[in-house]
Each structure stands twice: as structure tokens, then as C-alpha cells.
Amino acid sequence: MRPLDEAETTTVFEKIMKFTGNNLKNIVENQSHVGPDQNPGRYCFRLHKNRVYYVSDSLVKRATNIARSNLVSLGTCIAGKFTHAGKFHLTVQALNLLADNVKHKV
């Protein structure tokens, strides 16, 4: 588990922005799916085994005690994975995060 580098972050944000437009800011600042009486803390994007996860900072701190080889999953897998060519594919698991912030709702 490691933070995304600059190129990976750009690729992820470009892909998410295709669906959310200017509402990407709500996902990054974690305003979209939190109730008014909850204190969410900070959320960040982490890469683990070519998959991008949307994780709270408190969970990241707790997960650092687990070896990478023993860590199966972490937080919400928001997207798919990076391909060998460096492309980024969203999966169905990203729908919960994107549903509140999409540009065109059906």
C-alpha cells in the first residue's frame, strides 16, 4: 500500500472527472456521502496491487502494521486497476462513490 504518484493521480482524476465533471471536488474533499453529524476525517487514495483504494487516514495508519503481502484489501476499491500499459479502468465497485456526484443521472 502506497500513495499514488503524480502521474497515477492525474490518470485517476482524469478518469473520474469524465463522469463527475466539476463534482470531483466533492469526492476529494469527502463532502458527498457524509451526514451532517459525522466527522469523517481525511480520505486519500492508495495503490495496492495495481488497484486504487479510497481510504480514511485513520484506517491507513492502522493498516501500516500489516505486511503488504498479508494485506488483502483496504477501504473502498474505487476503481479498477492500472493495466500494464498504464491505462486506468473503472469497475462496478466505483458506482457507490460516483453515484452522488455524476453529471448526468438516469
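Modeller: The discussion below takes the aromatic pairs and then the nonpolar cores of this predicted model.

Biologist: How is a pair of aromatic rings described?

Modeller: A pair of aromatic rings is described by the distance between the centres and the angle between the planes. In this model the count comes to 3 aromatic pairs. In one of them, the rings of F13 and F45 have their centres 5.6 Å apart and their planes at 75°. Since planes over 60 degrees apart count as edge-to-face, this pair is edge-to-face.

Biologist: Where in the chain do F13 and F45 lie?

Modeller: F13 belongs to helix α1 (residues 6–20) and F45 to strand β2 (residues 43–48). They are 32 residues apart, and the pair thus links distant parts of the chain.

Biologist: Is F45 buried or exposed?

Modeller: F45 counts as buried, at 12% relative accessibility, while F13 is partly exposed, with a relative accessible area of 24%. F45 also pairs with Y54: the centres are 5.4 Å apart and the planes at 45°, so this pair is tilted. Y54 is buried too, at 3% relative accessibility. F13, F45 and Y54 together form one aromatic cluster.

Biologist: Which residues have the most contacts inside the largest nonpolar core?

Modeller: They are V12, I16, I27, F45, V52 and I78, in a core of 15 residues. At least two residues of this core come from each of α1, α2 (24–28), β2, β3 (51–56) and α4 (95–98). Beyond its neighbours within four places in sequence, V12 is in contact with L4, V52, I78, F82 and F88. Another core, of 9 residues, lies apart, and includes C44, Y53, V55 and V60.

Technical notes. Residues are numbered from 1 along each chain as its sequence is written. This is a predicted model: local features need pLDDT of at least 70, side-chain atom pairs count only at pLDDT 80 or more; totals for chains, interfaces and linings use all residues. Side-chain values use heavy atoms; hydrogens and water are left out. Rings of Phe, Tyr and Trp (its six-membered ring) pair if their centres lie within 6.5 Å; planes under 30 degrees apart count as stacked, over 60 as edge-to-face and the rest as tilted. Helices (H or I, at least four residues) and strands (E, at least two) are DSSP runs, numbered from the N terminus. Buried means under 20% relative accessible area, exposed over 50%, partly exposed in between (1.4 Å probe, protein chains only). A nonpolar core is a set of buried Ala, Val, Leu, Ile, Met, Phe, Trp, Tyr and Cys residues joined through side-chain atoms within 4.5 Å. Contact means heavy atoms within 4.5 Å.
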